[in-house]
Amino acid sequence: MTAPDADRDLLEELARTVLEHSAPEELVIFEETSEEYFRDPDGVLNPARRDEALGFGLDLALLTPYVLAVAAPVVTFLLQTVAAAAKEEATPRVKELVRRLFNRAGDRSPGAAPDAGEKEPLALTGEQAREVREVALARAKDLGLPAEQARLLADSVVGGLVVAA
Amino acid sequence: MASSTSGVDPETPAAEPLRPDVLGYPSPTTARYLIFAVALLASGLFIGNFVHNWAFGDRWQATVATCEAEHGGSFVTSLLQNDDFSRCVAGAEATRVAVTVAGAVVVGALAVLLLYVAPLVVVRRRALRPLPDRLGDAQERFAALAADAGLGRRVRPMLGPAGQRDAFSFGAPGRYRVALPPAVAVRFRDAATFDPLVAHELAHVAHRDVALAWLARLVWLALAPVLALPIVVGVLTGDTSILGTYWWRVALLAVVVALLSSELLRSREYGADLRAARLPGGWRTVAGLVRRARSPERSGWRAVLARHPTTEERLSVLEDPAVVTRTGFADGLTGAFLAALTLPLIVATVRPLFAPVDRTALAYVLGAWLLGPLLAGSIGLGLWRAVLVARARGGGVTALPVALGAGLGIVLGQAVSLQQAGLGRAVGLAQPAWLLVSGLAAVGATLVAAGLGHLWAEWAPRLPGVRVAWVAAVLLGSMVFSSLLWSTTVFQTVADLGGWSLARAALMQQPLAPWWMFWLVLCLAVAAALPMAARPPADATVPDWLVEGGGRHPWPAAPSTRLVPALAVGAVAGGTASSALALFRAVQGAAVGPAETYARVLAYDWMVAVVAGTTVAAATMVHRAQGAGTALLAGPVAALVGTVGFLVLSTSLGGSLDWLLFTTFVRPAVVLGFYATLLLGPVVAVVSYAARGRPLPARGSSRLPAALLVAALLAGVMSAGTLAVRSVLVQDAAAAVSSTAGEASAYESEVVPRITGTYTEVSTLAQRIWEDPAADGPARAAAIGSQVVPPLEDLVHELEQRPVGSAEVARMHEEAVTALQAALGRYRVLAASEGTLTRDDVADLQRLQEEEARRWREWGRLRQELATAP
């Protein structure tokens with residue numbers, strides 16, 4: 001599955017959620033980064049290696065494109081899982097349920113009640129969370145990330161979801 | 001030869017090890033960039049010349065053929081004499097120069113145009129955009145760092161696309177940009193990433209790396225298609241005559257451009273890292289970021305084309321900036337190669353400009369003094385910086401690898417220059433073996449420049465600032481390298497024209513031993529003497545401008561050279577040569593006839609010059625690295641003492657003592673002594689390098705006798721050797737008789753310039769006096785008598801005394817002497833007239849003028865006959 005095949009809204013929402021925890025400074029340019037990513041994912045993830053004249057010699061990449069790339073199979077997995085669990089086939093409804101899995105309240109303390117009007121979040125089971133992590137890890141490895149970075153990214157993605165205690 | 005010991009103040013020791021401030025000196029790579037750009041622009045000259053030959057070649061050839069038929073001579077002989085040929089072809093040559101220069105102008109204009117267009121292309125192709133308002137804080141941080149770097153608003157940040165992972169600098173002059181990768185731009189609060197990265201890029205701008213790198217790159221971009229022109233024309237017209245010598249030179253140039261561009265870029269990274277290390281976090285902050293950098297591949301062709309050094313190399317420079325001052329074989333090779341590549345193209349272009357004023361030889365001077373300073377900035381400056389930094393830490397530097405690189409670079413550059421690609425030649429390559437002489441001299445010049453650097457390094461604690469240090473390096477290096485380029489190019493041309501017989505004559509006369517070279521050698525001697533005479537005190541400290549972050553560091557003790565012992569080495573060598581001269585005269589007896597007398601004087605001159613050159617051996621054996629610099633003083637001293645010895649001997653044997661004899665003898669002795677130093681220096685350096693492990697005596701008092709003994713022994717051996725092979729150095733009378741062509745060549749180089757030069761001077765002076773409205777008749781006549789007649793009398797007397805071998809040359813010479821006697825008669829009439837010419841005076845003047853004109857015509861005709869004789 002490639003990134004554009006996934007539901008873009010959900011995917012971006014999950015990516016934002018993950019970045020809120022792992023690289024909040026990148027959110028300031030999230031829209032344009034996401035736009036570039038969806039326009040040419042391979043060009044963003046695997047740009048031509050340049051030995052820039054009068055450069056520094058660095059190879060510093062944004063986390064955002066990788067989060068978006070890893071989020072794609074994760075969102076697909078979540079859609080399938082939620083649809084099966086809720087016996088629900090209406091896509092808007094399933095998307096809404098998946099959205100409630102996202103741990104958006106990054107600044108909300110654990111156990112605190114949601115604000116008025118905010119829907120009660122759903123939570124993944126521990127087993128489901130492990131499966132999400134494996135999906136994310138496999139994708140991260142497919143992207144060519146070193147093992148340690150792949151693990152961190154997979155953990156970040158899981159950290160962006162609500163998991164039942 | 002006493003040692004220079006500097007005391008260490010035990011009460012104020014330095015808190016930290018000395019960390020040299022290497023950025024005070026301009027980077028030698030700046031000069032290398034400039035030579036690079038000049039070499040590429042000069043290649044445009046070649047294309048201009050090609051276009052000229054294509055469009056106007058037939059007309060030009062017809063003009064040259066006509067001038068040769070009417071006046072004799074050629075482009076090469078015009079180097080040695082002032083002739084009608086040069087004036088005849090001046091118009092056609094002016095057209096050629098205009099079209100040739102247009103070639104370089106087109107390349108330069110295209111490059112400048114690209115310089116302003118390229119940034120727009122970069123912005124578009126790399127999808128760069130200004131930092132959005134949401135990154136206003138990043139913009140502010142960038143501005144603060146730019147202000148710290150002294151760049152203010154001249155540099156603006158731009159945001160790269162999501163795929164950009166490294167920062168880079170670009171832009172047109174005065175409007176520079178730094179393209180930031182988004183991953184860095186959003187982390188502007190990360191002082192361990194944003195600050196050193198931006199500071200590094202700003203350093204590139206501050207060091208003018210952006211302008212230099214882009215200029216070199218764009219000049220090549222502009223030149224490359226233009227260089228294809230001869231190939232395209234050749235293929236289309238079927239005239240492929242020059243392609244065999246052309247295409248591989250262009251291919252080689254392309255390879256050199258690629259290699260050198262990458263090498264220069266790698267070199268500039270060190271400077272950018274070091275300037276960035278001036279951030280509050282110091283070098284460790286930059287080192288932290290460098291450790292995160294991608295190390296370029298170090299295998300195969302990728303390694304030589306890499307634009308960044310390896311991480312290890314960068315870290316080693318950050319930890320110890322002295323590492324960046326190391327110079328080696330490649331540094332000498334690239335600078336010398338580019339200079340030698342370019343010089344023939346420049347000479348061939350500017351030579352016609354001097355033809356109308358009879359000074360075509362000035363083209364060689366101009367070309368050499370254009371490239372000499374660049375070579376000084378590239379090689380000399382790097383050596384001086386390396387020597388100074390090493391000296392401040394109590395260490396030394398061997399210049400031999402750089403010198404060998406420079407020697408090879410001069411040889412290769414001349415050999416592959418586009419000017420040798422079948423479109424005419426200004427620099428000789430008919431006898432490629434002579435290139436080795438040029439190469440050897442380049443090695444010697446580099447060693448001499450390094451030797452001066454060693455002497456001046458001793459003086460560093462007394463210098464007021466870094467600017468004085470590097471300006472001296474460039475100035476003195478320019479004198480050394482310009483004289484090298486000039487002398488080797490002219491020598492090669494002369495040797496091509498008339499072989500060794502003409503070259504040895506040119507060495508003794510104005511073509512290769514002019515007065516300006518005499519004064520240049522004396523200036524270098526003074527420059528060598530200054531640091532010896534005013535050394536720093538014993539408790540000197542390393543100057544502040546050489547230490548990063550300040551701190552009191554004692555100036556390390558090391559042996560150094562003192563003035564009196566250096567003078568003594570020269571005096572002993574010169575004295576030994578004088579003694580050898582006296583001994584030779586006593587054994588051989590008096591010369592028989594004027595021809596042998598003249599030959600002996602020339603042999604003595606050679607001997608004194610060679611002995612002056614040998615002082616480099618004595619000086620190097622004692623002072624090692626400082627020796628080549630010390631010889632710049634000891635050599636001229638030896639030549640002056642030898643000259644005095646010759647005059648004393650000559651006078652004691654009944655000869656007349658006059659100023660003319662002194663100047664005639666001392667000029668080649670000093671200048672050729674300098675050349676001998678350049679040629680002997682490499683041999684001595686190799687021997688010295690082989691013996692580098694042997695310790696020197698600690699104190700000067702024990703080294704002085706050894707130095708004087710070595711100087712005397714070498715001078716004695718070389719004097720005997722020079723006199724033994726004098727037939728190689730000086731053409732004797734018998735040989736002259738048997739070789740009319742050789743004598744004619746020597747006459748052209750030795751006598752003709754003297755005649756035409758003096759005659760032109762006195763004629764101009766006489767005309768000015770006679771037309772001076774402020775003077776009355778008697779005053780004009782008196783001035784003619786006192787200012788015009790005496791030098792002409794001296795010239796006639798000198799020419800009458802000159803020995804001549806063959807009958808043909810004697811006849812030609814007689815015509816010149818008679819013509820000058822007629823001219824002398826005219827001026828005597830004017831001087832005796834008291835300003836009022838009688839009818840008899842007018843008749844005499846007319847008769848003498850006609851006689852003079854007839855003799856000059858005959859002189860020219862005979863010269864032409866001899867020049868064209870098989």
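**View 1. The outward face of α2(A).** The face of α2(A) turned away from its buried side carries E31(A), E35(A) and R39(A), which are exposed. The model shown here and in the views below is predicted.

**View 2. The buried face of α2(A).** T33(A), S34(A), E36(A) and Y37(A) are the buried residues shown in this helix. Looking down the axis of α2(A), the buried residues fall within an arc of 160°, so they line one face of the helix. Their packing partners come from both chains. In chain A, these are α1 (8–22), α3 and α4 (64–86). In chain B, the partner is α6 (182–185).

**View 3. The side of chain A that touches chain B.** In this contact, 24 residues of chain A meet 30 residues of chain B. The most comes from α2(A), with 3 residues. By residue type, the chain A side divides into 13 nonpolar, 4 polar and 7 charged.

**View 4. Helix packing in chain B: α4(B) with α8(B).** Two packed helices are described by the angle between their axes and the distance between the axes. Here the pair is α4 (residues 90–125) and α8 (residues 209–227) of chain B. The angle is about 125°, and the axes are 8 Å apart. The helices α4(B) and α8(B) are therefore oblique to each other. Their crossing is right-handed.

**View 5. Side by side: the residues that join α4(B) and α8(B).** From α4(B) come V107(B), L110(B), A111(B), L114(B), L115(B) and A118(B). They meet W214(B), L215(B), L218(B), V219(B), L221(B), A222(B), L223(B) and V226(B) of α8(B). The residues of this contact divide into 14 nonpolar, no polar and no charged.

**View 6. Chain A as a whole.** Chain A has 7 helices and 0 strands. Along the sequence, the pattern reads α-α-α-α-α-α-α. Of the 165 residues in chain A, 38% are buried. Among chain A contacts between residues at least 6 apart in sequence, 73% join residues at least 24 apart.

Technical notes: Residues are numbered from 1 along each chain as its sequence is written. Chains are lettered from A and ligands numbered from 1 in the order in which they are written. This is a predicted model: local features need pLDDT of at least 70, side-chain atom pairs count only at pLDDT 80 or more; totals for chains, interfaces and linings use all residues. Two residues are in contact if their C-beta atoms, placed from the backbone, lie within 7 Å. Helices (H or I, at least four residues) and strands (E, at least two) are DSSP runs, numbered from the N terminus. Ala, Val, Leu, Ile, Met, Phe, Trp, Tyr, Cys and Pro count as nonpolar, Asp, Glu, Lys and Arg as charged, and the others, Gly among them, as polar. A residue is buried if 20 or more other C-beta atoms lie within 10 Å of its own, exposed if 12 or fewer, and partly exposed in between; C-beta atoms are placed from the backbone. The arc is that of the directions from the helix axis to the C-beta atoms. Axes are lines fitted to C-alpha atoms, for helices over the stretch in contact, and angles run from 0 to 180 degrees between N-to-C directions. Angles under 35 degrees count as roughly parallel, over 145 as roughly antiparallel, 65 to 115 as roughly perpendicular and the rest as oblique. A crossing is left-handed if the near helix is turned anticlockwise from the far one by less than a right angle, and right-handed if clockwise.
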